[in-house]
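Colleague: Could you walk me through reading burial and packing in this model? I would like the general idea each time, and then the case at hand.

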Amino acid sequence: MAAGPGLRRKGAAGPLGSPSVRQGLRRAWQEKHLVLLEPRYTPLVAACLCLAEVGVNQWVIHRVAYTEIDWKAYMDEVEGVVNGTLDYTQLKGDTGPLVYPAGFVYIFLGLYYATGRGTNIRLAQYLFAALYLATLLLVFRIYSRTNKVPPYVFFFMCCASYRIHSIFVLRLFNDPVAMAILFLAVNLFLEDRWSWGCFCFSLAVSVKMNILLFAPGLLFLLLQRFGLPSTIPKLAICALLQVALGLPFLLANPVGYLTRSFDLGRQFLFKWTVNWRFLPEEVFQHRAFHTGLLMAHLTALGLFARNRWHRSGESILSLLKDPAERKSPPQPLSANQIVFALFTSNFIGVCFSRSLHYQFYVWYFHTLPYLLWCTPAQKPAHLLKVLILGLIELSWNTYPSTVYSSASLHLCHGVILAQLWCGSPATEEARRPSKKAE
């Protein structure tokens, strides 16, 4: 019994945990000059910011006019399913045909019924505000585990971004839904719950295909953690969920479903591009340009996988072996190893994207603080990183995009990519005990 208080005092000194809310707040007050600088205070700052975001979202919903872009089209598309149409080639809205996988249909079918067939826009906005807060909680949990980013940065990630609030509660796009599920999957990976994580990852893909930008990083992590033989069942979970969700539509018209919902060759309109405005339109639409971007994307992924994600002295081909058969003893993956591979995989995809539209900002917005602060830097560099965040935000808030805004966006992406390549590897300051893998 006498050991109890001693253990509690020891726990209070840990980087994240505390024996009680009262003691945690007392310590934060004593070290108030460090609250915004030390990553261990991320939970406290996150709680304050989430409370503030309740008011911010309430203000945005009531004070800023809702703008109709895709919500009505989403409702028209799922209404076709309600009316019995399962042929994907026959499902469309006022902005064009349905081009998202089946998971999108089921989720927005629920929103269709919850909002009175899509007519109660205010309720839909509140539902997306709740989704925004849930996304923040999932993101903050990731940042608490990685213990890299100084908490003051989260003020820029939350209250300062007009575009992200607009994407969630003023535009009601499907991109935030997919990203919220993706961040849930990342949290499951951090808990060593790889089977459930793969399930949620596949569910996110079924809402929107941009989640596949994380797939190279996930495949690398699965091979590193399990080796090829044990990775195959995890991939099977992803594949089987896609089949199960799409089955009604596959039975009606398999070719139509696959070509519409997983169309990788879809053309984008030049007038909506955020990142390639400085190019002539004929270059933007040219197949050779698209091929060049794809090759650059694959090359960057290969280089990062070989030199940045893979840290063992063995060949990268050793990942195909069972971990027990490798020369180096198998080690549990740290939070930073997991997050670094996933977030850089997605960021590389964004950098070499054929086109970025305004709602695509949410694809990587919440990962930017980690990408900028995951490698050590001198104090003057912190100001430069905040400046990069500001320039990226400014680029995404320039409508319509200009030569200068798109060039500025590429410049910022290039600086981040160079830092990720040249910086020291992501490490874990305090490794948590690993749970038994699924």
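**Reading the interior**

Modeller: Let's start with one side chain: that of Trp276 reaches the backbone oxygen of Arg354 at 3.3 Å. Such a polar contact is a pair of N or O atoms within 3.5 Å; within protein, one must be able to donate a hydrogen and the other to accept it, and residues adjacent in sequence count only if both atoms are side-chain atoms. Keep in mind that this is a predicted model, where local features need pLDDT of at least 70 and side-chain atom pairs count only at pLDDT 80 or more, while totals for chains, interfaces and linings use all residues. Residues are numbered from 1 along each chain as its sequence is written, and side-chain values use heavy atoms, with hydrogens and water left out.

Colleague: Is Trp276 buried or exposed?

Modeller: Buried means under 20% relative accessible area, exposed over 50%, and partly exposed in between (1.4 Å probe, protein chains only). Trp276 has 9%, so it is buried.

Colleague: Which residues is Trp276 in contact with, leaving aside its neighbours within four places in sequence?

Modeller: Contact means heavy atoms within 4.5 Å. For Trp276 the list is Phe270, Phe284, Phe289, Leu293, Ser353, Arg354, Ser355, Ser406 and His410.

Colleague: How many residues of helix α8 are buried?

Modeller: Helices (H or I, at least four residues) and strands (E, at least two) are DSSP runs, numbered from the N terminus. In α8 (residues 162-170), eight of the nine residues are buried, among them Ile164 and Phe168. Ser161 caps its N-terminal end, with a side-chain oxygen 3.3 Å from the backbone nitrogen of Ile164.

Colleague: What does His366 touch, not counting residues up to four places away in sequence?

Modeller: His366 touches Ile164 and Phe168, and also Thr135, Leu136, Val139, Tyr143, Met157 and Phe183. His366 counts as buried because its relative accessibility is 2%.
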